[in-house]
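Dear colleague,

Please find below the structure that I am passing on to you, together with its sequence.

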Amino acid sequence: MFTVGRELDRLRAREERLGRILAQLADLCDHVLIDCPPALDVLTDNALSAADGVLIPVQAEDSSLRALRLLLGQIAAIEGELRREPLVLHGLVVSMLERGGGGVARSKLGRSVIEQFRELDLPILGTVPRSVLHVEAWRLGKTMVEYEPGGEHAQVYRALAKVLEASE
Ligand SMILES: Nc1ncnc2c1ncn2[C@@H]1O[C@H](COP(=O)(O)OP(=O)(O)OP(=O)(O)O)[C@@H](O)[C@H]1O
Ligand SMILES: [Mg+2]
């Protein structure tokens, strides 16, 4: 993927290339998840131009809040320039949360960032705690649902899948 951005630079309609490819697969797939790089680059523009909706992973940190504001601006720009219909903003997923007692963010800073996420008028669809289970699953190349099907992480991911499934 590192070279794709450069290759796209040489093409016309470079933000629309992914959409054209996915259109050919429409009959083969029920859902397509497009994993974006952590950058507002031409690859992300392709995803925002091709997708029906977005699910935005965030961390309870100021850097995430800032990146989220930039992303929302980018979404508005792509909607204005490249899309016929607006994107469905499914919501946020708070990832790698350092939890304290009562299941809320351990630090005051974390709690304040989550409070600011709430003010953005986007649903928070799930919260994934930071846990060594993720690192173990990663090492084995398994999803959390495969690695610990009965665990609370698996439940969060299943709930996210249901949100997406409901949005035909
Ligand atoms: N809830 C969690 N608790 C602990 N570790 C986690 C958790 N979620 C992800 N990780 C670990 O963080 C690392 C990065 O995860 P992942 O690739 O999902 O993040 P990413 O934001 O998509 O990264 P990139 O920006 O490189 O695409 C992996 O090693 C993963 O195991
Ligand atoms: Mg990633």
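Predicted model: local features only at pLDDT ≥ 70, side-chain atom pairs only at ≥ 80, totals over all residues.

Overall make-up

The chain contains eight helices and three strands. Read from the N terminus, its elements follow the order α-α-α-β-α-β-α-β-α-α-α. The C-alpha trace spans about 55 × 35 × 30 Å along the principal axes of the chain.

The sheet

The three strands make up an open sheet, ordered β1-β2-β3, and their pairing is parallel. The edges are taken by β1 (53-58) and β3 (124-129); each has a single partner strand, so one side of each has no neighbour in the sheet. From one strand to the next, the twist averages 20°. Strand β2 (residues 88-97) runs parallel to β3 and is joined to it by four bridges. Within this pairing, L92 is found opposite I124 of β3.

Helix packing

As a general point, a pair of packed helices is described by the angle between the two axes and by the distance between them.

The pair α2 and α3. Helix α2 (residues 17-24) and α3 have axes that come within 7 Å and cross at roughly 45°. The two helices are therefore oblique to each other, and α2 passes α3 in a right-handed crossing. On the α2 side the contact is made by R17, L18, G19 and L22, and on the α3 side by N46, A47 and A50. By class, these residues of the contact of α2 with α3 are four nonpolar, two polar and one charged.

The pair α3 and α4. Helix α3 (residues 42-50) also packs against helix α4 (residues 62-81), at an angle of about 60° and with the axes 10 Å apart. That angle makes α3 oblique to α4. Here too the crossing is described as right-handed. From α3, the residues D45, L48 and S49 meet L71, Q74, I75 and I78 of α4. The contact of α3 with α4 divides into four nonpolar, two polar and one charged residues.

The pair α4 and α5. Which residues of α4 meet α5? They are D62, S64, L65, L68 and R69, and their partners in α5 are L109, V113, Q116 and F117. The residues of this contact of α4 with α5 divide into five nonpolar, two polar and two charged. As for the geometry, the axes of α4 and helix α5 (residues 108-118) come within 9 Å and cross at roughly 15°. This makes α4 roughly parallel to α5, the crossing of the two being left-handed.

The ends of helix α6

Finally, I would draw your attention to helix α6 (residues 132-140). Its N-terminal end is capped by S131, which has a side-chain oxygen 2.9 Å from the backbone nitrogen of L133. After α6 comes G141, and the phi of this residue is positive, near 70°.

With kind regards

Note on methods:
Residues numbered from 1 in each chain as written. Chains lettered and ligands numbered in written order. Heavy atoms only, no water. Axes fitted to C-alpha atoms, helices over the stretch in contact; angles between N-to-C directions. Parallel < 35°, antiparallel > 145°, perpendicular 65-115°, else oblique. Left-handed = near helix turned anticlockwise from the far one by under 90°. Contact = heavy atoms within 4.5 Å. Nonpolar A, V, L, I, M, F, W, Y, C, P; charged D, E, K, R; others polar. Pairing = 2+ DSSP bridges. Polar contact = N/O pair within 3.5 Å; in protein donor to acceptor, adjacent residues only side chain to side chain.
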